[in-house]
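Here is a short report on one protein model. Read it with the structure open beside you.

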Amino acid sequence: MKLTIITKAPELANDLADVARIFFGQLEYTVLAPDEEGQGDTDITVRMAEEPREDKTRVRVTVSGSVSGEGSRDFDTSPDALEHKRVRKRAAKLALYDVFRSVTGRQPPWGALTGIRPTRLVYQQMERGKSLEEALNWLRQDFDVTPAKVQLLREIVTVQQELPAVRPEQVELYVGIPFCVTRCTYCSFSSGEIGSGKLVVPYVDALLREISAVKQLLMNLGMSVSTVYMGGGTPTSLPAPQLKRVLEALRPLAAGKEFTVEAGRPDTIDREKLSLFLENGVTRISINPQTFHDETLERIGRRHTGQQTEEAYLLARSMGFDDINMDLIAGLPGEDEQMFRESLDHVSALRPDSVTVHSLAIKHSSTMHLYGAPLPDGAMTARMLDEANARAHQLGLRPYYMYRQKYMAGALENVAYARPGAECLYNVRMMEETGHVLALGAGGISKRVAPTGGKIVRAPNVGNIEEYIGRVDEMCGRKAQLWQSVL
Ligand code: SF4
């Protein structure tokens, strides 16, 4: 769909386009100043203007084209520049939301919320003295969030409040392995196909340098590791001898801690690699079917079968892994509700300790976006998520973190469910941005979180694998500097 936004405030155009995406899915938008009117070929035109009214400002929105209507919202003029920016943006978004809500007659699951972490809004309200129920009511009344999503937030925040608190002298350690055996068509990560594997040894050499620098840094700072997460990419795409080098280097840091490895592709898992995990203190692995339908797996560029997922899972269980996660994706190309239900049946029979259910998102850097694949029907994807939610509860799994992404089917969400005690603390702290993170490997972003106020400073590693290998000492220096900066 093509959207034209006519406004004197181009800085709000992206936010207005996000509201349109809630209702109409993928779209391209053009921004015009009022005197440029009449240019461009468009399906919907949104005109936004602001009128001062005593101590308030009124945002007025007029929509024309395939749908039409008018809306307005007032906001209080604030002397605080940041607050002013925030309330102005919110008023503009809500004015447009009101129009689309009224002309389509549809209540989107998350109402007018476009941000990636609705839980963040709940916590912000609670920090200002509201109870959980008051914060949830505010989301329902001011943002039109549906009762089902309010309930989801209630459960997630309740579970998160039971989890061990973050300690300021501890860090979460992320180790990135940016290789995969093939590229999934929906993937938007910068990881590369492992190909001939010629970069693997130099990459692992560089990573070991970074691990050793981080050990020294933690010692100098008097800090320790709280959780370790090895992701990517697919860490298990490394040949066993290289995987062994990384795991052995991490062992002193990870001993006795929550230590997750994404063993995402079942075709990269074998007894030797699983034994290495057990020997080196890995406590949690993720084996990701995404779907149990082989024709879909082929369509999305994954070179394994549903049967291989099952075999890898049963092998891991037989070797003693007692904390296994599985990822599923709702809305994969060519899949209907029955097919998704069948994948849920497989997962239910295997009884993993946690299940993460994603809604398909088609990001600009994915192959699917390149070949113009449409997003699946939002209402169908919503029903799939509802069914996944019901199944998870039947299995005794509770939702414990969630996030949303742009370009996601039905403007829905990704939700992780876990049995009590099997919640991945690393994931919660990453999502809620509550813990310091030291991120190693190409593309890792280290973060230092201020003790109060939510300020975060970041130190990114370069994303390109060859550049990372050549500049690893500089990446180590960036981390050391991060802890010298003033928060
Ligand atoms: S396994 Fe994950 S990182 Fe690798 S290509 Fe697929 S989505 Fe991307």
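## Two domains

Domain bounds here come from an automatic or database domain assignment. For this protein chain, the assignment gives domain 1 (1-106) and domain 2 (163-478). Their C-alpha centres lie 37 Å apart. Four residues of domain 1 are in contact with four residues of domain 2; contact means that C-beta atoms, placed from the backbone, lie within 7 Å. On the domain 1 side, these residues divide into one nonpolar, two polar and one charged. Ala, Val, Leu, Ile, Met, Phe, Trp, Tyr, Cys and Pro count as nonpolar, Asp, Glu, Lys and Arg as charged, and the others, Gly among them, as polar.

The model is predicted: local features need pLDDT of at least 70, side-chain atom pairs count only at pLDDT 80 or more, and totals for chains, interfaces and linings use all residues. Residues are numbered from 1 along each chain as its sequence is written.

## The five-stranded sheet

Helices (H or I, at least four residues) and strands (E, at least two) are DSSP runs, numbered from the N terminus. Two strands pair if DSSP finds at least two bridges between them. Five strands form an open sheet in the order β2-β1-β3-β4-β5, with mixed pairing. Strands β2 (28-32) and β5 (69-76) stand at the edges with a single partner strand each, so one side of each has no neighbour in the sheet. From one strand to the next, the twist averages 20°.

Strand β1 (residues 2-7) pairs with β3 (residues 44-53) in the parallel sense, over five bridges. Within this pair, Thr4 has Thr45 of β3 as its bridge partner. Helix α1 (residues 13-24) packs on the sheet and touches β1, β2 and β3. Its direction makes about 140° with that of β1. Such angles run from 0 to 180 degrees between N-to-C directions, and the axes are lines fitted to C-alpha atoms, for helices over the stretch in contact. Helix α2 (residues 81-104) lies across β3, β4 (56-65) and β5, at about 155° to β5.

## A buried strand

Is strand β13 enclosed or open? Six of the six residues of β13 (residues 354-359) are buried, so the strand is largely enclosed by the rest of the structure. A residue is buried if 20 or more other C-beta atoms, placed from the backbone, lie within 10 Å of its own, exposed if 12 or fewer, and partly exposed in between. Ser354, Thr356 and His358 point one way from β13, while Val355, Val357 and Ser359 point the other way. Strand β12 (residues 324-330) pairs with β13 in the parallel sense over six bridges. Ile329 stands opposite His358.

## Around the ligand

Eleven residues surround the ligand. The closest are Cys180, Arg183, Cys184, Cys187 and Phe189. The shell divides into four nonpolar, five polar and two charged residues.

## Backbone details in loops

Which peptide bond is cis? The bond from Gly232 to Gly233 is, with omega near 15°. Gly233 sits in the loop between β9 (224-232) and α7 (240-254).

Asp144 has a positive phi of about 65° although it is not a glycine. Its place is the loop between α4 (132-143) and α5 (147-162). Arg351, also not a glycine, has a positive phi of about 55°. Arg351 lies in the loop between α11 (337-350) and β13.

Definitions and conventions: Near = placed C-beta within 6 Å. Contact = placed C-beta atoms within 7 Å.
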